[in-house]
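Dear colleague,

Please find below the structure that I am handing over to you.

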Amino acid sequence: MAQNSIGTIFRVTTFGESHGAALGCVIDGCPAGIPIDLAEVQRELDRRRPGATFAGRQNAAVTSRREDDAAEVLSGIFEGVSEGTPIALVIRNTSQHSKDYANLARTFRPGHADYGYFAKYGVRDYRGGGRSSGRETAARVAAGAVAKQVLRALSGGTIAITAYTERAAGISIEKVDLSEIERNALRAADSAAAEKMAARIDEYRRNKDSCGGIVACRITGVPAGIGEPVFGKLDAELAKAILSIGATKGIEFGAGFAAADSTGSANNDPMRTAADGSLAFGSNNAGGIIGGISNGADIFFRVAVKPVPSIFRTQQTISATEHGFEDSDVVIEGRHDVCLCPRIVPVIEAMAAIVLADLLLQNRASRA
């Protein structure tokens, strides 16, 4: 299997399957001498981990599968500092219920990667989707937590990446208050809207169904000049990274698709000199990126997250036989999320951090 790595200088490779012994990542290209706080890595993993409760109650949006998701360092960090050698992190699986997937050995789940995976490789790990499972994102979050600390060191702490649920179960936030993101179960930037989302999501859960949403991400403190103007465009690299997350189905930067119905006079972001002599923009329809290169404004993008495909309803599908395929029905057992938005928030932040760490390191070779 190819394409398990991302990045050029700061290069991340993930490994492992949903019901295997462990998942993990290898980070190559991390500069030596970067302070790496493993407690911070664990905090990021705790934000993503399954089975998490909120306010002492089971979160209606997330799976009841409980994993500690404890990160173990195998190499690359000594006395709290990166050595410049490959950093290897491993996360053990401790709560697999593989028997829940016994009926899927020859049957393909609708909405999942099962059939495409089988068509490509001729073999698949049907226990939770194997390598194509969303559980693989635990390794990404671990690597992203390291990337965030690299960004802090490279930028002097000016770069901040903040993602949040903007819409879930058909309900949108009505304000953006970043201080509320970690104060509600949906990681929405509006706690009042989050309560409405949670109630609607619980309805879907009781009806054996699921729902999707939109996650927004704002990156502040990125200096102008990051990204390459042709094939390594900053927005293209971010899009590739974000769309490599299994549940994502679309991404837009700044005004996004609304720009298609706009005009040049309305969509262009006017520029002026601020009082301190710096550049100031009158708007940010570009989302902080022009020509593939950061312009110093906040980088802003939205991500469409599809409904969870594992639902507890009878669905039409096909099963493999000795002579081909036959029609069949399937009811997916096991423990599954109802809405992925709150758990995908830290994954989106992680992928953005990995891309930015790589491009910031590449930028060091751009000029004398």
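Five strands make up an open sheet with antiparallel pairing, in the order β1-β2-β3-β9-β6. Because β1 (5-6) and β6 (71-75) stand at the edges with a single partner strand each, one side of each is left without a neighbour in the sheet. Helices (H or I, at least four residues) and strands (E, at least two) are DSSP runs, numbered from the N terminus, and two strands pair if DSSP finds at least two bridges between them. Within this sheet, strand β3 (residues 22-28) and strand β9 (residues 87-92) run antiparallel and are joined by six bridges. I27 is found opposite I87 in β9.

Please note that this is a predicted model, in which local features need pLDDT of at least 70 and side-chain atom pairs count only at pLDDT 80 or more, while totals for chains, interfaces and linings use all residues. Residues are numbered from 1 along each chain as its sequence is written, and side-chain values use heavy atoms, with hydrogens and water left out.

A further open sheet of five strands, also with antiparallel pairing, has the order β11-β10-β12-β18-β13. Its edge strands are β11 and β13 (248-253), each of which pairs on one side only. Strand β10 (residues 160-168) pairs with strand β12 (residues 213-220) in the antiparallel sense over eight bridges. Along this pairing, A168 stands opposite G213 in β12, and the bridge partner of I161 in β12 is I219. β10 also pairs with strand β11 (residues 171-172), again in the antiparallel sense, over two bridges. There, R167 stands opposite S172 in β11. β10 and β11 form a hairpin with two residues between the strands, and in this hairpin A169 takes a positive phi near 55°.

Strand β19 (residues 315-321) and strand β20 (residues 324-330) likewise form a hairpin with two residues between them. The two strands run antiparallel and are joined by seven bridges, with S319 opposite E326 in β20.

I turn now to the helices. Two packed helices are described by the angle between their axes and the distance between the axes. Axes are lines fitted to C-alpha atoms, for helices over the stretch in contact, and angles run from 0 to 180 degrees between N-to-C directions.

Helix α3 (residues 137-155) packs with helix α7 (residues 341-363) at an angle of about 45°, and their axes are 7 Å apart. That makes α3 oblique to α7; angles under 35 degrees count as roughly parallel, over 145 as roughly antiparallel, 65 to 115 as roughly perpendicular and the rest as oblique. The crossing of α3 and α7 is left-handed, a term used if the near helix is turned anticlockwise from the far one by less than a right angle, with right-handed used if clockwise. In this contact (heavy atoms within 4.5 Å), residues of α3 including V141, A147, L151 and L154 meet residues of α7 including V347, M351, I354 and L361. The residues of the contact of α3 with α7 comprise 16 nonpolar, two polar and three charged. Here Ala, Val, Leu, Ile, Met, Phe, Trp, Tyr, Cys and Pro count as nonpolar, Asp, Glu, Lys and Arg as charged, and the others, Gly among them, as polar.

Helix α1 (residues 38-48) packs with α3 at an angle of about 140°, with the axes 9 Å apart. That makes α1 oblique to α3, and their crossing is right-handed. Among the residues in contact are E40, V41, E44 and L45 of α1 and T137, V141, A145 and Q149 of α3. By class, the contact of α1 with α3 has seven nonpolar, two polar and six charged residues.

α1 packs with α7 as well, at an angle of about 140° and with the axes 7 Å apart; α1 and α7 are therefore oblique to each other. E44, R47 and R48 in α1 meet R343, V345, P346, V347 and E349 in α7. The contact of α1 with α7 has three nonpolar, no polar and five charged residues.

Finally, a search of the whole structure finds six aromatic pairs. The rings of Y117 and Y121 have centres 5.0 Å apart and planes at 50°, so the pair is tilted. Rings of Phe, Tyr and Trp (its six-membered ring) pair if their centres lie within 6.5 Å; planes under 30 degrees apart count as stacked, over 60 as edge-to-face and the rest as tilted. Y117 and Y121 both belong to helix α2 (residues 114-121), where they lie four residues apart, about one turn of the helix.

Yours sincerely
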